[in-house]
Each structure stands twice: as C-alpha cells, then as structure tokens.
Amino acid sequence: MQLALGTVQFGLAYGAVGSGQAVAPATARAILDAAWHHGLRWLDTAATYGDIEARLAGLCGAHRFRIVSKIVPLGALPAADRVQAVQHSVQRSIDRLGVRLEALLFHSAADLLAPDGEQLWAAAQTAAQQATAADGRPLRLGVSCYAPDELLQLRQRLDIRIAQLPANALDQRLLDALTDVAGAPLQGVELHVRSAFLQGLLLSPGRGALRVPAAAPALARWQARCDQAGLPPAVAALGVVKALPTVQACVVGVETLAQWQEIAIAWQAARPLHWPELTANDPAVFDPRGWPRS
C-alpha cells in the first residue's frame with residue numbers, strides 16, 4: 001500500500017477539527033516538495049476542492065506526481081445538460097493537469113447509479129480517449145463512493161477499475177466487503193481509501209467528541225484502545241488501514257509541513273492492526289454528511 005496526499009485542504013477550509021483555513025500556497029508547495037523527496041508519488045484532488053485543481057500543476061513544479069482528480073457532481077442538473085457537463089469536466093481536468101493526470105473518478109456515485117449512469121460513463125470514456133498519462137497508459141475512469149455497496153452495485157453495470165472509499169477504525173465496512181464472498185467483484189478494482197483519520201476526529205478524540213457528539217462513545221473506545229496498545233493515534237489509525245487487503249493507496253490530508261512530517265513518520269511506524277471491535281454501526285458516527293454543521 002502506498003501513501004497518497006490529498007489536496008482538499010489546499011483549496012478549501014476542510015476537516016472537522018482543522019484550522020478553518022485553506023493552506024497557503026507557499027505552505028502547500030513546501031508540503032509537496034517534502035512529500036516528493038520522501039518518496040510519495042500520488043496526489044488526490046477534485047474540481048470541487050476550491051481552486052486547487054487549477055493551481056495544482058503549478059504548485060507541483062518539476063515534481064511529476066501522479067494525480068487522481070474527480071468529475072464534478074451533477075446534482076439537480078437538467079437531464080439534457082448532464083452529458084455535456086461530464087464531457088466539459090473531463091476536458092477541463094485534462095487541460096489543467098496534463099500528463100500528470102492518471103485517473104478521473106466520478107465524484108458522486110449517485111450520478112452513475114442514476115438511470116442515465118451508463119450514458120454518463122460512456123461520455124466520460126469518449127472525452128478521456130484523447131488523454132494519456134505520463135507512462136503512456138490511457139486515462140483511467142472510476143468512481144468515489146461513500147460505501148462499498150455503492151461500488152458493488154456499479155460493478156454490475158460498469159467496468160470500473162479504480163475507486164475511492166472511506167475506511168478507518170470506526171468505519172470498517174470496506175474490510176467486511178473485501179473479506180466477504182459477496183465482495184468478490186471488488187477484487188478487480190484498484191482501491192484507494194480516504195478518511196483514515198476521520199477528518200481528524202481520530203487524531204484528537206476529545207475535540208472530535210465535541211464536534212460530533214454522536215461519535216463521543218466510539219471515540220472514547222478508540223482512545224482507550226490506543227492507550228492500551230501504547231500507540232499514538234496517528235500510528236494506530238494508519239495501522240487499521242494497512243490491514244485492508246488489496247488496497248493500493250491511502251489518501252491523507254495535511255495543513256502544515258509539521259503535520260506531513262508527523263504522518264510520514266507514523267506511516268513508516270504503522271503495522272497492520274485488526275481492531276474490529278471498534279467498528280461503529282451508526283452512520284452518524286462516521287459519515288460526515290450527517291454531522292452537525294459547524
């Protein structure tokens with residue numbers, strides 16, 4: 001499994017217990033430079049992460065990162081405009097990121113699950129045919145999901161080969177899917193996971209409990225388990241992700257150079273951890289869409 005760097009914080013104020021500000025360009029550039037020299041090669045971005053997709057190539061400088069970006073969610077866009085919107089989003093990402101662009105994911109699985117999902121997928125394929133990555137491979141298409149069930153449904157209809165899903169100590173649905181016979185279709189998908197730190201809740205359980213009261217009991221159990229194991233929360237959180245079979249990348253976000261350095265050290269120290277007893281069954285605990293607005 002590889003470590004990948006998410007760039008949402010470079011374009012937006014993001015994270016349940018974050019600073020409340022987007023990362024300054026000079027800081028973002030320093031983080032990218034340090035990550036490259038550490039050996040990190042994958043970046044994750046999106047057209048909806050503020051303006052970072054448009055600025056990311058410039059921030060990368062000479063570093064030839066491999067970038068995964070995302071097609072804009074279509075929301076309530078009229079049916080007649082949906083195909084054109086997908087084509088425009090694909091072309092814009094290609095123009096912005098060039099040969100660094102390795103894959104484009106539909107940011108909203110709901111778009112592909114809609115009645116016109118196959119048409120949208122075909123439109124994205126057509127638009128992507130003109131692009132190739134730095135190694136000469138065709139631009140790959142995939143999807144970002146909130147739950148493994150969404151991906152399993154889509155795999156029945158579409159030849160999805162790359163996908164991003166959340167996974168962390170409190171949300172172990174992906175582990176269940178990968179170890180269950182019913183999840184066998186996921187074996188053909190390159191899986192990238194996000195939310196290893198649950199937007200920082202797992203790194204600061206006390207602050208996280210105040211921010212998301214529904215998660216307070218689960219976070220208390222998490223803190224107790226880390227203390228019992230004698231592990232810093234960052235090391236433990238990454239260890240849980242490293243225990244996921246077949247996953248190829250773990251996407252993490254940072255706001256400062258010091259945070260990057262801490263996570264890089266934690267990644268090296270982390271060993272696979274199987275802590276299924278920490279799984280939360282209530283989506284209000286692990287799904288940010290249901291969290292109170294700050």
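Which residue stands opposite Val 68 in β3? That would be Asp 44. Keep in mind that this is a predicted model.

**Strand β3 and its neighbours**

Let's start with strand β3, which covers residues 66-71. Of its 6 residues, 5 are buried, so the rest of the structure largely encloses this strand. On one hand, β3 pairs with strand β2 (residues 42-44): the two run parallel and are joined by 3 bridges. On the other hand, β3 also pairs with strand β4 (residues 101-106), again in the parallel sense, this time over 5 bridges.

**What about the cysteines?**

How many disulfides does the structure hold? The count is 0. For Cys 145, the reason is distance: the closest cysteine sulfur belongs to Cys 250 and is 17 Å away, which is too far for a bond. Cys 250 is in no disulfide either, with its nearest cysteine sulfur found in Cys 226.

| Cysteine | Nearest cysteine sulfur | Distance |
|---|---|---|
| Cys 145 | Cys 250 | 17 Å |
| Cys 250 | Cys 226 | 15 Å |

Are these two cysteines buried or exposed? Cys 145 has 0% relative accessibility, so it counts as buried. Cys 250 also comes out at 0% relative accessibility and therefore counts as buried.

Definitions and conventions: Residues are numbered from 1 along each chain as its sequence is written. This is a predicted model: local features need pLDDT of at least 70, side-chain atom pairs count only at pLDDT 80 or more; totals for chains, interfaces and linings use all residues. Side-chain values use heavy atoms; hydrogens and water are left out. Buried means under 20% relative accessible area, exposed over 50%, partly exposed in between (1.4 Å probe, protein chains only). Helices (H or I, at least four residues) and strands (E, at least two) are DSSP runs, numbered from the N terminus. Two strands pair if DSSP finds at least two bridges between them. A disulfide is a pair of cysteine sulfur atoms within 2.5 Å.
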